[in-house]
Amino acid sequence: MSLIKVFLERLNDQFKSEDKLIKIRLIFIIAGFIWISILVFNFFLNLETDKELVTNLAINQARTVYFQDLLNSRWIAMTGGIYIDSDNNISSDTNNQARKGIETKNGKKLYPLNPEYMSSKVQELAGDSIGVLSHITSLEPLDKVNNPDEWEKAALIEFQKGKIELYCISNIKNRTYLRFMKPIKSEKSCLKCHSYFQEGQTCGGFSISIPYESYQSVINTNLKNDIILFISLFLSSLITLIIGNNYLRNSIKKIKEQDELFRAMIAKAYDWEYWMDAKQNYKFISPSVEKITGYTSDEFIQNKDLIKNIIHPEDKEYFLNHLNLAFVENIDDMINFRIINKNNEIRWINHVCHPVTSSEGIKLGRRVINRDITDQTHSEIALRESEEKFSKAFQNSPFAFIISSIDTGLITEVNTSFTKISGYEYSEVVGKSTIGKGFWKNSDERKEYVKKLKASGAVRDYQAIFKMNNGNEITCKISSEVITIKNQYFAFSIVEDITETFVLQKKQKESEERFRNLFDLSPSGIIIHFNGKIILANKLATKLFGFNSSKDVIGLEIMSFVDTDYHNRVQDRIKLMEIDKTEVPMIEEKFIRLDGTSFYAEVVAKKINIDGADAFQVIFNDISERKNREVELLMAKQRAEESDKLKTSFLQNMSHEIRTPLNGIIGFSRLLKDVSPDEEEERNEYTDMIIQSGERLLAIINDVLELSKLDSGLLSIKTENFTLIELFKNLKDGWFQKAIEKNLFFEIDIPIECSNITLNTDKNKLLKIISSFLSNAVKFTDSGYVELLSAFDGDLLKIFVKDSGIGIKPEYQNKVFDRFWQLEGLANRRYGGTGLGLSISKELSNLLGLKISISSEFGSGSTFIIEIPKELIILNEVKEINIIYDKEFDLSNSTILIVDDEILNYILLEKFFKNSNLKLIWAKNGEEAVEIAGNNHVDLVLMDLKLPAMNGFEATKRIKAIKPKLPVIAQTAYSQTEEIESALSSGCDDFISKPIEKKALMRKIKDLLAN
């Protein structure tokens, strides 16, 4: 109350004080800036005034000199002039025809002195003595001494326009002067000597230069004094302004801080507070009004009857009577009433109001504090109701209640149920001790019970034996909690007679133990699940699922252990059991263990009832071992059948393969008999056929003998040292020509890191393995390339046989090394062969300790890989590799025409062929290419398709028209099927896409040139 009172009083005073200080500060700042502005203006005004004053003084001095010179000249002209002795070194006016020289009585001759000359000399004398410079001048002077300078010339021109005088501040010989000039007008006396002028005509001017330093020093002195005065006044004014402003600002800041402090205090106040004047108009309402009523302070101020409108209808008359009494009698008062807030909630309000009077005793209004006591009121009501309910519940509860002292056991309250159980009347136990009455049969049990109660504050389901009034003993379950009554600790206990239940539980426990032992000793896995979750599992089931304890299985979903392929089967079985409520016949299922492995089991399921709810019992036995044996037997049967089929196919194939060369040998041998001696060409042809058939038959016999030796174990290993280069040379000699005969590009590559390798193994058997791979590569490749390569992969040496042949489908790649297996059956004998070569290679590689494998893409070729371990490898000093291609592949001295409009593309190809001894010719467009190809020897053309003037398609057609057999390779940045077809249809023999791969390009060039 006092806080609000102080706040409101301070708030009112502060508003007034703060407004005054803000106005004073604003006026003070404005006045200060006006005063400083006046000082600055006055300073610059004084400066200009001093300059103007000093300049006027200098101008007046110049006017004085001017008039002196003018009067001298006028006097000389009026008096006839001054005559001087001819002996003086002074110029006489000899040019003046009006005045001639005279002779004195003593015979001395005198000559007239030129007035202007005299004036100039006087001016020079004045300049030397007092620093004033004077100069008589005109636009057309007779004497060059009187020539005007630039400023004087400009002034003379202005005088002719009517100007009467001019002045300026300028520098003459590094000295500052005020230059002043007035015109000279011809007078009547002047016409005596200057008859060529008219009276009043401007004939020249006097230029007077007054030294300005003395005047400037006056200005500087005044300026110095003005600056000192200005700075003093300015600084003092500024300091006064700053100090005054800071003082006022700090005063306002303190008022604002106090205002914010009081506003923060009142804003955080929980109570709804307001101040009304004598006419019941609001002067102030705290923001907390919105938290209590839901209405803002502005809403109350705008509608002063709002408080009357939110009073609960039942309390409205009571509140209005209080309001009238409070304002009429001006007394303190406190009432409680209800309001209905903006959310239609009923809130209880504690209303305290006090009269507010001025120091003179005048009634100013009332100050009110409204506190929300809804929770407190509800708590009081609830407490009363709770006490009534507790009393009824306590006495009428079927459970026995007892309240007793923890330490002494003194009983303070019991209910009716307790008296029934104990056999005592209410008066016989209340006020007595449980110890004295001997309720506890075993006093040690009570000590343990009290100890637990004190330690944890509560004890649940503590079992003990109590003695009744009739001497009988009962087993009770007691649950107690510590409560405080008048700062003393009591135990509120619930006592339940469980004598019969205890006996039943004991029997049930014994039964459960017997069941559990039988359950866990079962030779089958048993699981019981309810709503899909496992609620019980025996030891064998737990073990089969991969868990250590049955507790880890309980609560898990049964379907999480069933293989997904069997989910539908299990769910159908559950639905069947729910409908028929019968045992489902034994079926096979696949289960998943904890580690992800699986096992097969025979399962019997049955619907059972547990506590009135349907559950399912699953009994299963692991049959994985039996299942595996069945699978093995089935696989063995399939392998036997497949082997029988392969052997049958092999025998049929062998019959065909043996009969074919025998037919050739016998047939051509018979034909050879009929050839006459002079038919040498036909005889040679038949002889070649017989030799080829004999070699083919010998190869078949060798394969069969090799396989027989491998089966019998009679095949021995003969190790020797030989280089990798030597091995590849032997293979090249044996297979190069065969590849050429099929128009295949045959390449051998030994990288520099493999050139120093010596192998220690059976050379012939290794040659047999690689030759078998090369045989397959050449046999199954109709066009393209066959490559024999080598590379290091860690400690392993790898030998690769790659081809661009027909390739092998993924499902057949694991069969290629099986005996008797062939890629094609008897129905399509395109390639021929016994099907033993690769299986022999497999067994030979095992014999030598090598590893062979295949990588293939159907339709794109195959790669056979041989891995030689480091134990069979000897590293020697690195040597140069020199495996030379036959002449058919030698590109030396070949000429290639490169057609491309981009020089960068030509340079790139030039780098490709740098070490190939090729001769290159460059054509920048199609027309140039046609001309070069027609008039020069060219072995091959690399034709870009997109060219200026004539494109590559048209150029190829014209070149082919001239030289049909000249190979043309199209090179293009596009590889769409349409463009490739267009290139080939225009005559191109092959194509290669940009960016060009060097190896691929070389292969295509060699292939075309070889053919």
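**Salt bridges, sheets and cores in a predicted model**

Colleague: What joins the side chains of Lys960 and Asp989?

Modeller: They meet in a salt bridge, with 3.0 Å from N to O. The term requires a side-chain nitrogen of Lys or Arg within 4 Å of a carboxyl oxygen of Asp or Glu. This pair links distant parts of the chain, 29 residues apart: Lys960 is in helix H24 (residues 952-962), and Asp989 is in the loop between helix H25 (977-985) and strand S35 (990-993). Helices (H or I, at least four residues) and strands (E, at least two) are DSSP runs, numbered from the N terminus.

Colleague: What should I know about the model itself?

Modeller: It is a predicted model, in which local features need pLDDT of at least 70 and side-chain atom pairs count only at pLDDT 80 or more, while totals for chains, interfaces and linings use all residues. Residues are numbered from 1 along each chain as its sequence is written, and side-chain values use heavy atoms, with hydrogens and water left out.

Colleague: What does the pLDDT average over the chain?

Modeller: The average is 77, and 78% of the residues score at least 70; pLDDT is the predictor's confidence in each residue, from 0 to 100. Residues 878-888 fall below 50, and residues 1-16 stay under 50. Where pLDDT is low, the predicted coordinates should not be read in detail.

Colleague: New topic: in what order do the strands of the open sheet lie?

Modeller: The order of its 5 strands is S32-S31-S33-S34-S35, with parallel pairing. Strands pair if DSSP finds at least two bridges between them. S32 (919-923) and S35 are the edge strands, each pairing on one side only. S31 (residues 895-899) and S32 share 5 bridges, and Thr895 stands opposite Lys919 in S32.

Colleague: Which strands does helix H23 touch?

Modeller: Helix H23 (residues 926-935) packs on the sheet and touches S31, S32 and S33 (940-944). Contact means heavy atoms within 4.5 Å.

Colleague: And which residues have the most contacts inside the largest nonpolar core?

Modeller: They are Leu724, Leu727, Leu759, Ile770 and Ile868, in a core of 44 residues. Such a core is a set of buried Ala, Val, Leu, Ile, Met, Phe, Trp, Tyr and Cys residues joined through side-chain atoms within 4.5 Å. Leu724 touches residues including Ile750, Leu759 and Ser790. Ser790 also stands opposite Ile799 in strand S27; S27 (residues 796-803) runs antiparallel to S26, and 8 bridges join the two.

Terms used:
Buried means under 20% relative accessible area, exposed over 50%, partly exposed in between (1.4 Å probe, protein chains only). Axes are lines fitted to C-alpha atoms, for helices over the stretch in contact, and angles run from 0 to 180 degrees between N-to-C directions. Lists of a residue's contacts leave out its neighbours within four places in sequence.
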